[in-house]
Structures are given as structure tokens and as C-alpha cells.
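Trainee: I would like to learn how to read a model of this kind, one feature at a time. Could you take me through it slowly?

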Number of protein chains: 10
Amino acid sequence: MADNSKIATLDSSIVSRLPTSSQTLFTAKTTKNLTFATIASELNRSEVAVAALFYGQAQASPADISKLSTILSLPEELLTEQLSQGFPDRGRAGPMPPVEPLIYRLYEIVQNYGYAYKAVLNEKFGDGIMSAISFSTKVEKEVDDKGAEWAVITLRGKWLPFTRF
Amino acid sequence: MADNSKIATLDSSIVSRLPTSSQTLFTAKTTKNLTFATIASELNRSEVAVAALFYGQAQASPADISKLSTILSLPEELLTEQLSQGFPDRGRAGPMPPVEPLIYRLYEIVQNYGYAYKAVLNEKFGDGIMSAISFSTKVEKEVDDKGAEWAVITLRGKWLPFTRF
Amino acid sequence: MADNSKIATLDSSIVSRLPTSSQTLFTAKTTKNLTFATIASELNRSEVAVAALFYGQAQASPADISKLSTILSLPEELLTEQLSQGFPDRGRAGPMPPVEPLIYRLYEIVQNYGYAYKAVLNEKFGDGIMSAISFSTKVEKEVDDKGAEWAVITLRGKWLPFTRF
Amino acid sequence: MADNSKIATLDSSIVSRLPTSSQTLFTAKTTKNLTFATIASELNRSEVAVAALFYGQAQASPADISKLSTILSLPEELLTEQLSQGFPDRGRAGPMPPVEPLIYRLYEIVQNYGYAYKAVLNEKFGDGIMSAISFSTKVEKEVDDKGAEWAVITLRGKWLPFTRF
Amino acid sequence: MADNSKIATLDSSIVSRLPTSSQTLFTAKTTKNLTFATIASELNRSEVAVAALFYGQAQASPADISKLSTILSLPEELLTEQLSQGFPDRGRAGPMPPVEPLIYRLYEIVQNYGYAYKAVLNEKFGDGIMSAISFSTKVEKEVDDKGAEWAVITLRGKWLPFTRF
Amino acid sequence: MADNSKIATLDSSIVSRLPTSSQTLFTAKTTKNLTFATIASELNRSEVAVAALFYGQAQASPADISKLSTILSLPEELLTEQLSQGFPDRGRAGPMPPVEPLIYRLYEIVQNYGYAYKAVLNEKFGDGIMSAISFSTKVEKEVDDKGAEWAVITLRGKWLPFTRF
Amino acid sequence: MADNSKIATLDSSIVSRLPTSSQTLFTAKTTKNLTFATIASELNRSEVAVAALFYGQAQASPADISKLSTILSLPEELLTEQLSQGFPDRGRAGPMPPVEPLIYRLYEIVQNYGYAYKAVLNEKFGDGIMSAISFSTKVEKEVDDKGAEWAVITLRGKWLPFTRF
Amino acid sequence: MADNSKIATLDSSIVSRLPTSSQTLFTAKTTKNLTFATIASELNRSEVAVAALFYGQAQASPADISKLSTILSLPEELLTEQLSQGFPDRGRAGPMPPVEPLIYRLYEIVQNYGYAYKAVLNEKFGDGIMSAISFSTKVEKEVDDKGAEWAVITLRGKWLPFTRF
Amino acid sequence: MADNSKIATLDSSIVSRLPTSSQTLFTAKTTKNLTFATIASELNRSEVAVAALFYGQAQASPADISKLSTILSLPEELLTEQLSQGFPDRGRAGPMPPVEPLIYRLYEIVQNYGYAYKAVLNEKFGDGIMSAISFSTKVEKEVDDKGAEWAVITLRGKWLPFTRF
Amino acid sequence: MADNSKIATLDSSIVSRLPTSSQTLFTAKTTKNLTFATIASELNRSEVAVAALFYGQAQASPADISKLSTILSLPEELLTEQLSQGFPDRGRAGPMPPVEPLIYRLYEIVQNYGYAYKAVLNEKFGDGIMSAISFSTKVEKEVDDKGAEWAVITLRGKWLPFTRF
């Protein structure tokens, strides 16, 4: 964890866009003062996946629920009710185009390099797409020689060729 | 290079959104039947950077221009005129939200995981953003044990903390 | 083919949104007065796939190009130049939401039944999506007992479960 | 039903866009842990139609209401009040363009193949549209030789020719 | 025809949104100084249908083409080429919401009375829609006792009940 | 009244867009199980006008209020308070473009025939518009020889010529 | 005329949105270096009406055409061809919301005072609107005691009460 | 005041867009059955300014607050709390483009005559804008010889030339 | 502080877009009748930064929280809870394009001078951007010789050159 | 001038949005290889003003035209024709929200700090706006102790209080 010892919490003004579980999970995380790194380590999942789970953008397995119950000191029954039924209704955490500066930078990368990615991917793989479903992602921190910090985001998706029909 | 031996070309219907150099460069690339991998190797730059340069989203150095002139068999004077003056006017290669399926998948990753990235980055680095300017990116191809192909995109940006003022 | 003996042509007012090959192909189709059914039969592909190819939304194989050259009486060299290089830049044939009544009806089906499809698919397959890439589609005509005509569109896509990471 | 034994529930964050009956029906479905397949079988209707009914996008007949009352253990009077009066106010279940990845894929199919469908349908039927009202749809699951799962969605609509006037 | 002896022509600034036939037809109409009433009378069709045909929003029959050739003094071959092949690509004549005051008034009627129409139509016919395809429309002029002029637009569409499935 | 004996009610999810009176009126209408035809007959107004009044899109006269009080068994004082003060704040009953299929069909008519209406109206009346304010409208039901049902909507507006200044 | 002796001309970048007559008229006005005040005085019309006529937003009478021909030294035949046939296709001169600062200020007045105007007009006139068709407008210049200049725009429209039906 | 003796009230469905003071003021106005003309006369301000104040679009002076307290029989302390602190947060009373027919007509005037106003103002005053801040406006009623009513809106703004820098 | 002795407060209608802390802070500021200048002086930060902090657009340090607790007479525990955890979720204070006239003027400056700024910055610094993160800003008041007041806003951001990769 | 010796040129893909003079001026500037700093120095104007003039966003005085003619070696007659007549039609140089990263950062500053600026300005000046018309702006370059470069943009506008009326 960085020098900055603050943890991510849930802004009350976006609660209405998210499932009930988001508030339950974030409130407990805040109370216990846990980072996503700590929780992810317990669940043996990527930090990004766990954060996505908190925002209602990813699914929890029964084992995840059990571990979350322990680490967050939440009744397993409550978590089961809020997380084990239904399927994530994705894509509504924030507006697009993003207004949040950090998220906008990612959007801008797609805007500026979108066609470049397409050209390079097409040449490497043919006519198709990189899946965002058969997909994983992670965030890493690097510090260079001069002490400058760098964020490294890796996107890894299965290549899906267009079916000929 | 993949089995698929086709190369990326410039769709005539987006030419009007791009600088004059885009057509010059793509036409020569098509004639010479070169991949971005080949050209990038000559320029000692990332394939994505070279493709971005072709789409008018990145700048060419005098050395780049000289090498492009050689590899694409284009008069250096012409490339100098089209590439050495002025500064890229970025962000207009395609519409947002993207309508192209490959590019849309990248947009969808931002839509679905945007807040998760923000939460994880904030916890790792504090209050700030990952720069999209002090930034580099690359595309790699992996083949897993079962022969399935995976695209791996890496985004690496300098961390910029919000200034206290 | 239906009683209605007219064939689909390319409206001049959308030409600028499409690749050069669209005009080449449609002009020849119009001159030869061929339906997509006839051409599809020659290419051994679905009519929808062939129409998509004409609109620049699908890729032609070398064999397709050769057969199109024959059936449309177009120089194979010309078709090779326009179709064999580059990759389709999809999604720009028409505006969304669609203004064309026929296409709007399809959009309306997604608008009205989108969540119903999601609920049923999630229950049948789990958390994931039906691919639009590993995908095929076809159009059939049925005539019921009273002589009424019905259009049947089939969408068949591979199920992709969200990766756990 | 699939291996995945979870059922579709109603995300609390979209409740305000739907009629009162949606919450009543989904809550009971969740409590009784019933799939749409099970309920549809009781009502002798398509799963998609039943899910649409739950989302307020389709109408319930008196017989449907009676059966729903039994299968969901809800007072018939309550269901009658919420379902037997008024007419569905369709189209507001989710935003367009869809932000949910599964629903977006369907939207993308319309975006990419819209004009291809129009061309093929016009050639087969003449100048008109496939009705989305005199219309039915179903979802099926196929498993191919290699064990891969495929979703098959069928759209069947009456052909309506434009009236000459 | 009204006191006002001017005829409708085609504004050059919308030509690019319309099919080639629009310019051919309007230019001839202007040269011959014909009203839609006169042309419609020859074709035995509604004035609105004929105007729609001129704007590329309706289909011409072979007989229509023949009569148009005569009345507009245009080569039948030319009209056949522009009108007998292909199918109307509707909905692109003007922007929505309309910026033209006359057309905006019609849009405003839908905006203000849309739900009222729905409520009344549902009570009269049940759950369904008034078709805009199995549809005809006409415009009439009335002059009241005080000499005031009134426009009367009639919309007549087949009622389509939602299919139960 | 049609075979279909259901009446129009107010969807709870659009209540917040409408004035307080809408809920009062619709609740009473539902309790008394009255159609707009019945109420309109009492008020000696068009059904569409009455439905518009219920949706807050038209004004009630003191006599209307008195009759509504009687027919709906609502305290005249309550209706007077909710209906006799203030002026309708029109145009907010539903979104534009409409997402409801029935209302969308009316919107589509404007989209497809807007310029055709303009051309015909201009030729019949000169440069001006059909008023949507000095305006009345009605809905009628026709059954043709084959038993098919047709909806007929009539729009009648005063012609307003553009003032010369 | 003001100290500022420049005259309004037509920006070449908006020509494509306007009818052919706009370029004809503005070019002649520029050549002859005439203000709208001078031309309006000749036509005995408001300056705003004349400017609107130049932008294709108002109609010219035969007498207007004759006078314009004289004052602008343009062949009457040319003006007759461009102005005497057809009807203005209004509303397309500029984008909304306006990006031009002067025009935006007018838009902002509507945005800020719209409901205030409605409240005051309703109290003065009842339920209705101020017509924008039976309408005239003018622009005046005032100079106050301190030499400050004020623009005064007057909007005068017929009051149209909503018809009771 | 007009024959129409109704007064403007606050539609409950827009309350959430306005400051707390709007509801306080309108409720009292409704209870006391006062027109804006009456209140404006007491405050010695324009009716439009007073209506704008009620909608939170204009500021109240201490003297205004005192007089409003008297005329509306509201505790001065309450009004002071709601009106004397803070600054108006303008522009959110209604949507743009306006959906209310009366307000839309004003918007349409800007849409149709925007460039004409600009041309005339530029010629009269030079390069600049008419201020919407150093600005006043009023509404007047005229009745012509035939008894027809006309609304006259006057906009008076200071001319601001663009600074040369 | 200016003659105008009013202070900025929080409009109740935008509360739902902001974090809980905004209401806490603004309510206390209003009760204590403090300007941002006073608070900023205590915190030794820029007024704009403090106002941004109140709107949830900037972060508070532990020392800031402690000082705010004192100056606003708020329990430090409460402020710690609302301000010391989590990270600002920026960009949602108001709509874009802004509807508030003061904020719109800033937006208009970007609209009108955006490309001019880019051209000048590129020439002075090369290919890159002025950071909005490594950034500070301040507002100053100037009074010129004639007593006219001028607002001076300074934007100071680190120059970030695009990385060559 | 910076190390970077490139000058700003005009991207061919935005030429159609700008007046004719933009291309004339930029072409000459490119040929002569002049920076805006050099030209501004000759005209005794701000660099930003000169760049704005090149983009058609600011007006040229007769003296400016004469000096531009000399410094750019362009016929004074040509510049007079393109620059001395008409008035700038501002706001169309680029899209909003901006897609260009440099310009987007300025937009983001307005998005994030808009309400903070408003609060601080209101407290300093009262109820009003900072004019964007009686306005000047400049760009400066600072280099700090560590050699880092900073861009400083100053916005200076006259304060305009809302008129009481």
C-alpha cells in the first residue's frame, strides 16, 4: 500500500445507481478500514475484480461470499441474500463520457488510440475483437530510478475471430 | 505476424476526419504491403505508436520521417511537409461511443471497470490520476496451452497527484 | 424469391459512410439484377452475410472474391484491391437509433425485450453474454395457413461466461 | 436449467423505472427460487414473454394472473390490482444505447447488420417491415460437439407491406 | 389550389440527404410548375403519398413511373433507373426533433398528446399499436364561416394487437 | 367500448413527471372503472382532450371540474385546488423520441412524412404552419369488411400564415 | 448606421446549410457594400425580416424580388428563380444550442426567463402561447445619458389560446 | 389583469429543480391568490423579474424581502433565510430545448432569427454582443382594432464590444 | 470582501449530486456567515481550492479538517468521518454544457479560444498539454481607474510533453 | 520561443469549419515559418488574440490587416477582402466537449471548478458574471527551480452585475 493510507469508500451520491450490496460492502470496508489489496488477497482474486464486485460489476462465488463475510464481519446470510442471487446488471456505475478525471483519462486513451489498437490487433490476429468478457485485468505500481511512480494497467482478453457464415 | 497475412489499410470513408498525412502514409504502406510491426521495428517505436502516427494521433521526429521515407519509398520532402510542421490535432479518428466492435470492447472496459480502477489506483497511489500523456502502451499476443490466442494490452502512465493549493 | 421482383440497391445518400467496395459491388449487382439469395448461393454463405459484405460489415475470403468477380462480371484485380486488403471498419452503415422503419423495429425489440433476454439467458447459461462475433444469423420466410407472410430472423452466438479473475 | 443454479432477480437500482408489479413479481420469484423456465411452463408461454411480463413489457391475461398467484403464492387480488388494469407502458426498462454488456451485444447486431437485414428482407418480401408487435421470440440453448454452448434467439414477426395510398 | 400560387421545390441544402430521384423529380416539377395536387390526381394517389415519393419516402409502382414520365416530361428510362430498383431508405429527410416550424408543430402534437392517444387507443382497441406501415394519410383544407382556414390531417392505420406468446 | 374491457391507468413510474392532479384523477378513474369515452361523454369533450387533461396536458373549466367531481366521486374542493389554479405545464409526460411503441409510431409518421406534409400544406395554404394550439384532435375506430380494425386520428389546426414584417 | 462601418457578410463555412439564394444575395450585398438598414428601407420591411430573408428564413414577395434586383444589381430573372418558387425551409441556419456568443445570449434569456415569461403571459392572457408565426420583431439602438449603447429587441406575437375540444 | 382570472402556480413536478424559496413563495402566492402584476407593483419591479425571482432566477434585495413578507403574509425571518443568503443558481428551471409550447416558441424565435439578429446587431453596433446580464425585459399586452390580443416582449441589453487585446 | 456582504450557500436542488460533506460544510458556513476568503485564510489555501473542497472536488488534509472543525464549530469526528476517508469523485457538481450564466462564460472561453490556446501552447512548449492535475488556480479582483471591477482568473498547470514510445 | 522549433499549422480536416481567411493566413504563416509570438509582436497584440484571429474567432483592425499583409507577404487586397468585411462567426472551431486532449484539460477545469469559481466570484463581486466579451487572455511560460515547465493562462474579464429590473 502507498504512503497515502486512505481507503476507497462509496460516494453517497452514486449509491442510487448501484445494487444494495454496494452500500453493504463499502460500509463494512470503511468500518474495518480495509484496502482492496487486503480483501483481494483473502479472496485470491485481482484487486480490480474485487473493486468491481463491490461496485456490482462482477459476480461473487459462494466461497467469495463466505470469505467476505469473515473479513468484513458481515452476516453470511445477509451477503448471501444480496450477492448470491441474481446476476450483475453492469455498466451503470458512472456516466459516459466519464466526468471523473481519472476515469476520463482511460476513456481518452480509447478515443486517441482506438483505431491504432484496431490496426495493430487486426494485423496480429486477423478480423475479430479482443473479448471484454473472457477477460482479466490488473493494476500494478512501478517506481522508476528517479522515484517517479507509474501506474501499469494490463488488459488481457481472448481473441475472438468473426465467424464466417 | 499472424497467419492472417492481411494488413491494415485506411477506410476511404474516414479520410476526411484525418490529416493529409494519413492518406499518404497508408497508401504507401498498402502498396509496399507492410505491417505496423515491420515499420515499428525500423523506427524503433511501439507498433501502437506507429499506427497512432499514421492516424495523426502521434508526432513524428525528424529521424522517424527519414526512416519512413526510406521504408515507404516516399519523398522525404513530402513527408517533411506533411509531418514535420504543426502538432497533432488528436481525438477525431472515430466517434465516441465507438461503433466499431473492437474499439467498443475497450470502451466497455472503461464503462464497466472505471470506478474499480479508480478505487484501486487511489488506494495504491493516493488522490490523482494516471497520465494519458506521460504514457506508453503496447499490444502483445499470447497463445495458451490449448492454442487459444489472447490479446494483451498494457497501459503505462505516470502517476500525477492532485496539487494542493 | 418473392413476387416482388425488385432487388436491393445502394442509396446514393449513404455512399459516403461506406467503403469504396460498397459502390462497386452494388453497382454491379444492380446491373446484373441479382438478388442476395442468388449471390449467397454462389458463395455458399448466408444471404445476410453477403449483404453485410456488400455494406462493408463483413470480410471476403479470396474464394469469395474470385466468385464475386465471376458472378458480378467485375475484374478480379479490382475486387482484390478493394476487398482483400484491410479489415472491415464496422458499425457506420446507419445512424443509431435507426431512422429506417424496418431497422427501427429490430432496435425496438432490443429496447423492449433486452432485460427479458438477459434474465432468460442468465438463467440458462449463467453470468455471461451471447457473442456477436462468434455469431451467425439468417433470415427465413414463412407463410402461414392463411397465406400471411412471416419473417423469421435467427441469431446464434457462442455463450461467453465472464472470466473469474 | 443450466448448471448455474442462480435465478434472475430485480436490481434495486432500476425499480423506479418499472411498474409496481415488477417488484411484487420478482420478490416472490426470488423467495420461491423459481426460474422463468418453470413459470413459463406453468403459464404455457415463452420464457421471454414471461420475463417481459415481469419487467412490465407484456400483458398478463386473467388466466396468467390466476396461475401466477398460485405458483408465486401471491394473493390473486393483489396481482389482479397490479396486472389486470391498465396497459403496459413499454420501452423504459433500460437505457438506449444499452450499457449492459449482454444487451449491448444485441444492439450491436442491429447496428452492424441492420442494413443487411433490410436488404435481404426487402428482396424476400418487398417494401415493408417485420412487425415487432405481431411478433414472438424465444431463446434456446445448444451445445455443440465440443461441448461449447450457443445461445439461439429467434425473432418471428409478421411481414407488413407499406400500404399504397 | 390556394390563392398562393407558389409550388413546393427542393431546398438545395437537403439534397445530399435524399436519393438521386428527389432532385430529378423536383427539378422537373419546378420546371413544369406543377403542384402535388395535380400530380397526385394523375397518379390517383394521395398528395401526401406523392410528396413522400418525391422525398424518397415512398415507393413508385411501374404505372406511377410511367405516368410521372409523361406528366413531368422525363425519359421513362431515367425514372425507371432511379425509381424502379431498390427500396426506399426512409427516415432521413429531416432532423429529429424537427427544426422546421411546420414540422415541429406535428412533433409537438405527439409530445403533448402522445400518452393521451395511447390511453384512448388502448381503451378502444386493447393492447397494441396503430400501424404506421399499414397506413394512409391525407391533408384537407377547410374554410370556416368566418373565412378562417383550417388544415385537417387524417392518419389511418391498421390496429395491431400485441401477439400473446 | 371495445371487447377489451380494460381501462387505462397511470403507471406509477411516470407519476413524478406529472402534476398532482394526474394521480388524483387516475386513481378515481381506476376505482370507478371508467373509460375516457364515458368521462368525455359527460364533459361533452373529446376523449383525447379528457385523457390529456388527466395527464396534465390540458386545462379544465369550472364546469369540467364540477362534472369530474360528480362522475369520479371526488370532493369538488380537492379538484378545484388541483385543477382550477395554475396553467398546464405541457410536454413532460414522456420522453422524446418516444420509447413506447404506440407513441413511437406517431413520431415515426412525423419523421417519415414531415417534409411531405410541409410540401402539401404549403401548396394548399402558402407559407405558414398548422397551429397545434388553435387545434383539436380525435380518435375513431373503424372496422372494415374483413373485420380488421383501423384507428383513425384526425388533427385539425388553424392555418397561420407567416406575418410579413 | 453605427460608427462601425463594416457590413454583415456570409461566412463561407455555413453556406452548405443555406439555400442557394443566400449566397447570391450576400455576395451582391457585399459587393455593393450595403447594410440591411439600407435594403430594408428600400423594401419597406424590418431589418430583421430582410436579414432573415437573406438567410432563407423568410419569404420574398414579388415586389421584394423586384426591389432587391434593383438595389443589388442582380438579374430579376435569377432572383425570381431562386426566391419566387418554393417555401422557406426554416431553422437550419445555425446549431442549437447556439455556439455563437451573440446568439447564445438570446438562448440564455429563454433558458433563464422561460418560466417567468410563461407565468406572466398566462396571467395576462390565460392558457395559450405567443405565436412565433403571426409575429414580427425589430431591433433598435439606444444610447443612454452616459453614452452607453443598448440594444432593444422587440418580439410581438399574436396570442393564441388553446382551443377547448 | 385579463379576463382569465387564474394565477400562475408551481407545478409540483418541477419543484425538485428549484431552490426551497420557490415553493415557499408560490404556495403563499396561491393562497393569497395574487398575480405577479400585483406583487410586481408592490415591489416596484417588472413582472418578469418578480416571476424570475419566484423561480430562483433573480435576486431579492432586503427591501424586496420585506415587502414580499408583507404582501404574502410570510414571516420575514423565513424569507430572509431562504432569499437573503446565497446567490441564484440560474438556468435549471426547465429543460432545453424547451418542451413547454409557450417557451418553445421563444426558443424557435432564436433558432429562426438568430443569425438575422446577429447580422443586424453587428451592423448597428459592431463586433460584440447584447448583454443578458446588464439586461432588463418586460411583457406587455396589446389589443388591436379587431380585438385580437398581442403579446409584446421587450429585451433590452447593454451592448458589449469585444475587447481588442 | 466586496460591498456585497452575502455569502455563497448551497442550493438545495443540487445537494443530491454532491457528497454528504458538502451539506455539512455549507450549512455550517452559512450559520457562521463566513466567506471562502476567511476560511481559506485560516487553511492557508486558495479560496478556489476551499470552495472546491466544499463542493467535493478537492481533498482535505488532516490539518485542514482540524482547522475546519474549529472555524466552522463542527465536531472534528464528524468531519473526519466525512472528509478523511475516500477520495473525491470529481466532475459531478454541475451539468456540461453549464446552464449557469457565470459558469457558461468560462465554458465559452474554452469554446472560442480552445484552438488558439492550443496553437500558442504548442509553439511555446511543443507537443503536450497543460496539466489540470498538477495545477493550481486563483481568483483576483481588480478595480481600474474608472472604478470598473475586473475578475482575474489564473490557471497554472505543469507542462506535460507526450511521451515518445 | 521554446526548444521545440515547430510552429502551429492548420489541420486540413478542420478547414471546412472555418472561414476562408483561416486557410489563407495559416498557409502563409507556414510558408514563412512564423510563430504566433512573432506575429503578435508585430501587431502589438496578445499571442492568443492573434491565434484566435487566425481561427476566425477574433476581428482584425485595418492596421492589423496591413501589418499581416507585410509580415505574411500576402496581398493587402486579398486580406482586406477576407478580413475587413463581415464579423466573426465564433464558436465553431472545434467540438464541445473537446476531443483534443489539450483543449479537454481546459474544459475539465471548468467542469471541476465551475461552482467553486462561481462561489468565490459571487462572494467577491456579488451577483453577476465575469464577461467573456470585455475580456482578454494571455499565455505565459514559467520554468521552476527544478527546470520543470509550467503554463500560466490568465483570464481577465469585466465584472457585470445582474441588472435589477
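**Reading the chains and their interfaces**

Mentor: Let us begin with a pair of chains, where 76 residues of chain I are in contact with 77 residues of chain J. Please keep in mind throughout that this is a predicted model.

Trainee: How much area do chain I and chain J bury between them?

Mentor: The size of an interface is often given as the accessible area lost when the parts come together. In this case chain I and chain J bury about 7400 Å² between them, and 71% of that area lies on carbon and sulfur atoms.

Trainee: How many salt bridges are counted between chain I and chain J?

Mentor: The count between these two chains is eight salt bridges. An example to look for is the salt bridge of J:K118 with I:E100, in which the closest N and O atoms are 3.3 Å apart.

Trainee: Which residue counts does the contact of chain D and chain E show?

Mentor: That contact takes 32 residues from chain D and 32 residues from chain E. The area buried between chain D and chain E is about 2800 Å², with carbon and sulfur atoms giving 57% of it. On the side of chain D, the residues D:I133, D:R164 and D:F165 supply 29% of the area buried against chain E, which is more than any other three residues supply. Across this interface the rule finds four salt bridges; the side chains of E:R164 and D:D64, for instance, meet in a salt bridge with an N to O distance of 2.6 Å.

Trainee: What separates chains that have no contact, such as chain B and chain E?

Mentor: For such a pair one can look at the closest C-alpha atoms, which lie 16 Å apart for chain B and chain E, with no contact joining the two chains. Chain E and chain J are likewise joined by no contact, and their closest C-alpha atoms lie 16 Å apart.

**Looking into one chain**

Trainee: Which elements make up chain A, and in what order do they run?

Mentor: Chain A has six helices and two strands, and from the N terminus on the order is α-α-α-α-α-α-β-β. Its C-alpha atoms fill a box of roughly 50 × 50 × 30 Å along the principal axes, and buried residues make up 66% of its 165 residues. If you take the contacts in chain A with a separation of 6 or more, residues 24 or more positions apart account for 53% of them.

Trainee: Is D:T137 buried or exposed?

Mentor: The cut-off for buried is under 20% relative accessible area. D:T137 has 4% relative accessibility and therefore counts as buried. This residue is found in strand 1 of chain D, which covers residues 128–143. Beyond its neighbours within four places in sequence, D:T137 is in contact with residues of several chains, including C:Y117, D:I153, D:L155 and E:F165. The C-alpha atoms of D:T137 and D:G157, 20 residues apart along the chain, are separated by 8.5 Å.

Trainee: Where is B:T154 found?

Mentor: B:T154 is found in strand 2 of chain B, residues 149–161, and it counts as buried because its relative accessibility is 12%. Leaving aside neighbours within four places in sequence, its contacts include A:V152, A:T154, B:S136 and B:K138.

**Backbone details**

Trainee: What should I look for in the backbone angles?

Mentor: Most residues other than glycine have a negative phi, and most peptide bonds are trans. With that in mind, turn to E:N44, whose phi is near 60 degrees, a positive value in a residue other than glycine. E:N44 is found in the loop between helix 2 (36–43) and helix 3 (47–54) of chain E, and at 69% relative accessibility it counts as exposed. Phi of J:S73 is also positive, near 55 degrees; J:S73 lies in the loop between helix 4 (62–72) and helix 5 (76–83) of chain J, and with a relative accessible area of 48% it is partly exposed.

Trainee: Which peptide bond of chain F is cis?

Mentor: The bond from F:M96 to F:P97 is cis, with omega near -5 degrees, and F:P97 lies in the loop between helix 5 (76–84) and helix 6 (101–125) of chain F. In chain G, a cis peptide bond joins G:M96 and G:P97, with omega about -5 degrees.

Methods: Residues numbered from 1 in each chain as written. Chains lettered and ligands numbered in written order. Predicted model: local features only at pLDDT ≥ 70, side-chain atom pairs only at ≥ 80, totals over all residues. Heavy atoms only, no water. Helix = DSSP H or I, 4+ residues; strand = E, 2+ residues; numbered from the N terminus. Buried < 20%, exposed > 50% of the residue type's maximum accessible area, 1.4 Å probe, protein only. Contact = heavy atoms within 4.5 Å. Buried area = accessible area lost by both parts, 1.4 Å probe.
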